[in-house]
Amino acid sequence: MAVWFQVYDPLGNLALSALVAAIPAILLLALIAGFNVKIHRAALVALAACLLIAIFVYRMPVGLAAASAIDGAGYGLFPIGWLVLNIIFFYRLTVKQGHFDVMRRSLVHVAPDPRIQLILIAYAFGAFLEGMAGFGAPVAVVAALLIQLGFSPLRASGLALVADTAPVAFGSLGIPLVTLQQVTDLNLRGLSTTTAGLLAGFALLIPSLIVVMLSGWRGLAGVWPAALVAGLSYSVTQYLVAVFLGPWLAAPLASIACIVAMVLLLRVWRPRQLLRFDSDGKLVPTAHIPSIANETNKAIFKAWLPWGVLTLLILIWGLPIFPAALDKNAGFNFPWLAGLVHRAPPIDLPGAPGIKAFFKLNILAVPGTGILLGAIIVGPLIGISPRAWFKTYAETFWSIRLSLVTMAAMLALGYVTRYSGTDGTMGLALAHSGSLYPFFGTLLGWIGAAITGSDTSSNVLFGSLQKITSQQLGLNPVLMGAANTCGGVMGKMVSSQSIVVASTATNWYGHEGRILRYVFLTSLSLASLMGALVWLAANCPPFTALVAK
């Protein structure tokens with residue numbers, strides 16, 4: 001098949017071309033949030049629209065368009081769908097034997113207030129999972145835990161998504177920034193330092209934000225010491241590690257510091273007025289701290305054992321040396337696609353090689369396999385028979401089949417967007433914002449993550465554009481690279497991929513429109529605030545000190 005070069009203004013008017021390029025994303029959001037169309041159907045309609053635009057407007061060869069869609073669908077199923085399937089299966093095993101109820105009661109005894117549970121599980125523990133594994137694991141695990149603690153499916157899904165904001169830039173051991181450095185050849189330590197500086201204030205405020213979303217400002221007034229301790233311990237640790245050690249361990253170490261700080265705080269402090277969920281899911285005052293006197297230490301240990309095993313395996317799978325030793329470079333160059341699509345200036349440099357299309361089949365190295373191994377280990381330990389084990393796995397697969405279809409369709413949409421060049425069109429349109437580019441360049445990262453579901457993918461899509469545009473406008477390219485990453489942090493919570501993971505984990509598939517509406521304004525507001533901060537960092541002392549020298 002012949003080589004094809006992307007065209008970014010097929011209609012001869014960049015604004016009009018950008019509007020057409022945005023049709024699939026607009027259509028997807030309208031169908032989900034406005035017309036309550038089931039998300040798998042909306043994703044397939046948006047994918048069809050994207051393919052038609054790529055082929056008939058952008059003149060992308062049919063074979064390349066089809067190959068890019070198949071490649072993306074494959075990635076949606078593996079490793080993302082594989083991870084979601086196994087984490088939901090693991091969770092159902094613990095529920096099936098009743099151990100989850102024991103774990104819930106013991107956790108409520110230690111942290112009896114839902115506001116404290118939210119900070120401890122969604123913010124602190126979720127950050128650990130994001131820092132070590134990523135790929136949807138934190139949202140899936142946290143949402144599943146919250147729903148068992150009495151949170152409604154909407155709150156469990158939405159709050160898990162919002163809480164997963166602080167660690168995303170340093171997720172999966174710093175992969176978003178490491179990838180950005182590879183794409184742009186910018187200084188990695190500078191990117192890490194600048195990103196940490198831009199995110200520090202947001203990381204500090206996220207615990208307060210999720211408590212307000214749960215219980216309002218009055219609710220925050222009752223637990224502000226916990227929100228402050230969590231935000232300070234996390235944000236300060238993440239900043240120091242990112243500045244002095246680099247991006248790799250910033251999120252994991254910060255989350256551990258946060259968990260330790262919260263445990264120590266709860267030894268000497270409790271809210272004056274405890275809250276609990278009533279039968280209607282509303283927060284009401286209570287003076288009762290649930291007792292675990294009827295639970296033996298053995299029962300409590302057995303209830304927590306599966307999640308201890310899971311955490312240990314995620315930690316092991318997150319260490320670079322472990323997956324690399326299992327199946328390094330396992331996979332293949334995707335046929336009829338690898339190296340055949342070339343980005344053109346100004347999105348990429350003249351003579352740049354074609355876009356890679358290497359499909360990784362590193363089945364042993366991905367977190368989903370580690371989670372499946374955990375289920376194999378835990379099954380006999382909690383009394384699951386082999387017959388019940390396989391039956392539960394089959395039931396889990398059947399229950400999330402439409403979620404898997406959605407993930408495949410959404411990633412296919414993202415890949416067609418990337419390979420057709422429609423993403424470049426939208427990026428170039430924003431790049432024409434002149435002196436406001438620091439603001440709109442940040443929103444570009446938000447768009448990238450919202451479309452692809454990944455901060456890393458957003459950096460791959462727009463990293464080169466950010467560098468080239470910033471140099472043309474006399475801006476610091478390190479700042480705009482970090483801005484792309486930070487914008488992506490805010491955009492991940494509204495990506496269809498993330499929302500489907502959350503709805504699947506809470507057994508609330510089909511209500512993705514409600515989840516999107518719940519988090520959309522928060523996401524856009526945070527992205528706009530980040531854009532304003534980036535503009536100040538580009539133009540106004542003392543904010544310019546946020547940029548690494």
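## Labels and their grounds

Guide: Pro79 is found in helix H4, residues 62-96; helices (H or I, at least four residues) and strands (E, at least two) are DSSP runs, numbered from the N terminus. This is a predicted model, in which local features need pLDDT of at least 70 and side-chain atom pairs count only at pLDDT 80 or more, while totals for chains, interfaces and linings use all residues. Residues are numbered from 1 along each chain as its sequence is written, and side-chain values use heavy atoms, with hydrogens and water left out.

Visitor: Why does Arg59 count as exposed?

Guide: Exposed means over 50% relative accessible area, buried under 20%, and partly exposed in between (1.4 Å probe, protein chains only). Arg59 has 60% relative accessibility and therefore counts as exposed. Arg59 lies in the loop between helix H3 (39-56) and H4, and has a positive phi of about 60° although it is not a glycine. Trp336, at 59%, is exposed for the corresponding reason. Trp336 belongs to the loop between strand E4 (331-333) and E5, and its phi is near 60°, again positive in a residue other than glycine.

Visitor: How do you know that E2 and E3 pair?

Guide: Two strands pair if DSSP finds at least two bridges between them. E2 (residues 274-277) and E3 (residues 283-286) have 4 bridges, in the antiparallel sense. Leu275 stands opposite Pro285 in E3. The hairpin has 5 residues between the strands, and Gly281 there takes a positive phi near 85°.

Visitor: What makes Gln273 partly exposed, and what does Gln273 touch?

Guide: Gln273 has a relative accessible area of 42%, so it falls in the middle class. Gln273 is in the loop between helix H11 (250-268) and E2. Leaving aside residues up to four places away in sequence, Gln273 touches Asp113, Arg115, Pro285 and Thr286, where contact means heavy atoms within 4.5 Å. Gln273 and Pro285 are 12 residues apart in sequence and 6.6 Å apart in space, C-alpha to C-alpha. The side chain of Gln273 also reaches the backbone oxygen of Thr286 at 3.3 Å.

Visitor: How many disulfides are there?

Guide: A search of the whole structure finds 0 disulfides. Cys258 is in none, since a disulfide is a pair of cysteine sulfur atoms within 2.5 Å and the nearest cysteine sulfur, that of Cys486, is 19 Å away. Cys258 is buried because its relative accessible area is 0%. Cys50, at 2%, is therefore buried as well.

Visitor: Which residues bring H6 and H12 into contact?

Guide: Phe125, Phe128, Leu129 and Met132 in H6 meet Thr311, Ile314, Leu315 and Gly318 in H12. These residues divide into 6 nonpolar, 2 polar and no charged; Ala, Val, Leu, Ile, Met, Phe, Trp, Tyr, Cys and Pro count as nonpolar, Asp, Glu, Lys and Arg as charged, and the others, Gly among them, as polar. The axes of H6 (residues 114-132) and H12 (residues 297-318) come within 9 Å and cross at roughly 35°. Axes are lines fitted to C-alpha atoms, for helices over the stretch in contact, and angles run from 0 to 180 degrees between N-to-C directions.

Notes:
Polar contact = N/O pair within 3.5 Å; in protein donor to acceptor, adjacent residues only side chain to side chain.
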